[in-house]
Amino acid sequence: MNPSEVLVKTVDISKSFSGVTVLNKINIEILQGEILGIIGENGAGKSTFIKILNGTYTPSEGLVFFAGNPVHIRDTGVAKRLGINTIPQEFNLISHLNVYENIFLGKELVKGNHLLDKQQMKEKTSELLRELNTDIPPDAKIQELSVAQKQMVEIAKAVAYDSRLLIMDEPTTVLTQHEIDVLFRLMQRLKERGVTIIYISHKLREVKRICDRVMILRDGQFISLDPTDSLDEQEMARRMVGRELNQIFPPKVIPRSTPVLQVRNLSVTGLLSDISFDLHEGEILGFSGLIGAGRTELAEALIGIRPLSSGQIMISGRPQTISSPIDAVNNGIAYLSEDRQGTGVLTNFDVASNITLVSLDKYCKPLLDGKKEKARTEEYIEAFNIRTPSTKTRLEYLSGGNQQKVSLAKSLDPQPIIFIIDEPTRGIDVNAKKEVYYFINNLVKTGISCILISSEMEEILGLCNRVVVMREGRITGILEADKISEAEIMFHATGLKEGA
Ligand SMILES: Nc1ncnc2c1ncn2[C@@H]1O[C@H](COP(=O)(O)OP(=O)(O)OP(=O)(O)O)[C@@H](O)[C@H]1O
Ligand SMILES: [Mg+2]
């Protein structure tokens, strides 16, 4: 191999936090113009590895060579000067600033007399966003954007720099198929220009599709590096977990016919119109649709965050007014938010406090019963295999996927009768996905009813008894049994077909 083709070489890179090794002697040569996939379970060390390359962390041991020279990437500024840019796993945008201000943060364009050249920054931003096929206005405030839109801004921000190495840490977790296709085309164009891309994802199908080679990590150890062509998804999963993984989806449970939740003609001005459906006892009711279809908005209306302009909600046959999340909890409705960082968990609180946050009453008599809280937390750590040093570890020290598991445990703890789950497996590894699926299945066996909002088609097909498809704030179809198929869902989601 011609050594000039190697852009990054790591020699025995290791990282420990307070004496615990989370990355152990990683040696790899990353080639110019390749797309390198990195996969591994939650907590395997993927983000830590790339944070060493982008100057967020310094390695405890080892050397990094960049374009043939040893480099000391002591902070993100050094990385940027080398042309290393990152789309981070957790959003890094300033919510009260607008889109173009975020994109040009730290590299503002100025006119001759030191005045900010807002016009040019806006135009450049529009250009970048057009390349990504999105219609986000450059002066929209970040806080007004959906999670998917924020992700597109994060991508635009990284692409705005001239990169030699572009690192993407789970860029597609919040995107649907259309946006993923757009992103992949952009990645191909960058690759043709000679940009090297590191791509981290739990979606093995995508890794298979876009990556040239794939590196697998397990427990901070290097497991393998192979051309993607030589591995199938099954083999990737097996190496990540270290054993065979069969039967990801549990057998479906037949729901009862008793309706638990009845929604009639529900509307929210400008967002939802005339939504009617039933949720039965022990049912998993899927909600499918493209981004912007209104699924999260519907969940928010059901838990009292968005006031109804008309319509009725009945729980166990009785009309209820739910005007706040507290009303929702009191009516037995729990909600797992899709926006883990925004509303899901508090990263400066510890694991136990997060899990018991909404159901704190149960742990007070009247003072907080720390023992009970700890015991309960330990049960969840065991059930979901949450990797954390202790129940008292602050969430910011957990890997992204493990934070997601804490968020899931938190929304389950009030023991709801109706559980609304918005993208439950976003960012979690294959094995944890399987655990979550069995967990949901065990819940419905005990008579709990679930609304499952998911952009992962496999999940909808594998778990749900019926599927509601939404488009532009309306229901366009409700599919049952053998009518549930990817094609049928897409027909309704894209508006090619209407009617239940
Ligand atoms: N700043 C930190 N302090 C202490 N421990 C940390 C810190 N950052 C990461 N860790 C630990 O290092 C391990 C590896 O974390 P990392 O974020 O690299 O995992 P990951 O492979 O990216 O996982 P995920 O798929 O969940 O994002 C985890 O056990 C995590 O708790
Ligand atoms: Mg990570």
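Student: What makes domain 1 and domain 3 neighbours that are in contact?
Tutor: Two residues are in contact if their C-beta atoms, placed from the backbone, lie within 7 Å. By that rule, five residues of domain 1 are in contact with five residues of domain 3. The side of domain 1 that touches domain 3 has four polar residues, one charged residue and no nonpolar residue. Here Ala, Val, Leu, Ile, Met, Phe, Trp, Tyr, Cys and Pro count as nonpolar, Asp, Glu, Lys and Arg as charged, and the others, Gly among them, as polar. This is a predicted model, in which local features need pLDDT of at least 70 and side-chain atom pairs count only at pLDDT 80 or more, while totals for chains, interfaces and linings use all residues. Residues are numbered from 1 along each chain as its sequence is written, and chains are lettered from A and ligands numbered from 1 in the order in which they are written.

Student: What makes up the shell around ligand 1, and which residues come nearest?
Tutor: A residue is near a molecule if its C-beta atom, placed from the backbone, lies within 6 Å of it. There are 18 residues around ligand 1, and Asn-42, Ser-47, Thr-48, Ser-399 and Gly-401 come nearest. Domain 1 and domain 3 each supply at least three residues of the shell. By class, the shell has five nonpolar, 11 polar and two charged residues.

Student: Why is Val-406 called buried?
Tutor: A residue is buried if 20 or more other C-beta atoms lie within 10 Å of its own, exposed if 12 or fewer, and partly exposed in between, the C-beta atoms being placed from the backbone. Val-406 has 26 other C-beta atoms within 10 Å, so it is buried. This residue lies in helix α14. Apart from neighbours within four places in sequence, Val-406 is in contact with Val-345, Val-351, Asn-354, Ile-355, Ile-386 and Leu-395.

Student: Why is α9 described as largely enclosed?
Tutor: Eight of the eight residues of α9 are buried, so the helix is largely enclosed by the rest of the structure. Arg-295 and Glu-297 are among the buried residues. Helix α9 (residues 295–302) lies across β11, β12 and β14 (310–315), and runs at about 70° to β12. Such angles run from 0 to 180 degrees between N-to-C directions, with axes as lines fitted to C-alpha atoms, for helices over the stretch in contact.

Student: What makes β11 and β12 a pair?
Tutor: Two strands pair if DSSP finds at least two bridges between them. Strand β11 (residues 259–268) and β12 share six bridges in the antiparallel sense, and therefore meet the rule. Within this pairing, Leu-266 stands opposite Ile-275 in β12.

Student: Which strands form the open sheet of four, and why do two of them stand at its edges?
Tutor: The order is β12-β11-β14-β15, with antiparallel pairing. β12 (272–280) and β15 (318–320) each have a single partner strand, so one side of each is left without a neighbour in the sheet. From one strand to the next, the twist averages 20°.

Student: Why is the pairing in the open sheet of six strands called mixed?
Tutor: The sheet has the order β16-β17-β18-β13-β19-β20. Strand β13 (residues 284–288) pairs with β19 in the parallel sense over four bridges, whereas β19 pairs with β20 (residues 474–480) in the antiparallel sense over six bridges. Both senses occur, and the pairing is mixed. Val-468 is the bridge partner of Phe-287 and also has Ile-478 of β20 as a bridge partner.

Student: How do you know that β19 is mostly covered?
Tutor: Five of the six residues of β19 (residues 466–471) are buried. β19 forms a hairpin with β20, with two residues between them, and Glu-472 in the turn has a positive phi of about 45°.

Technical notes:
Domains from an automatic or database assignment.
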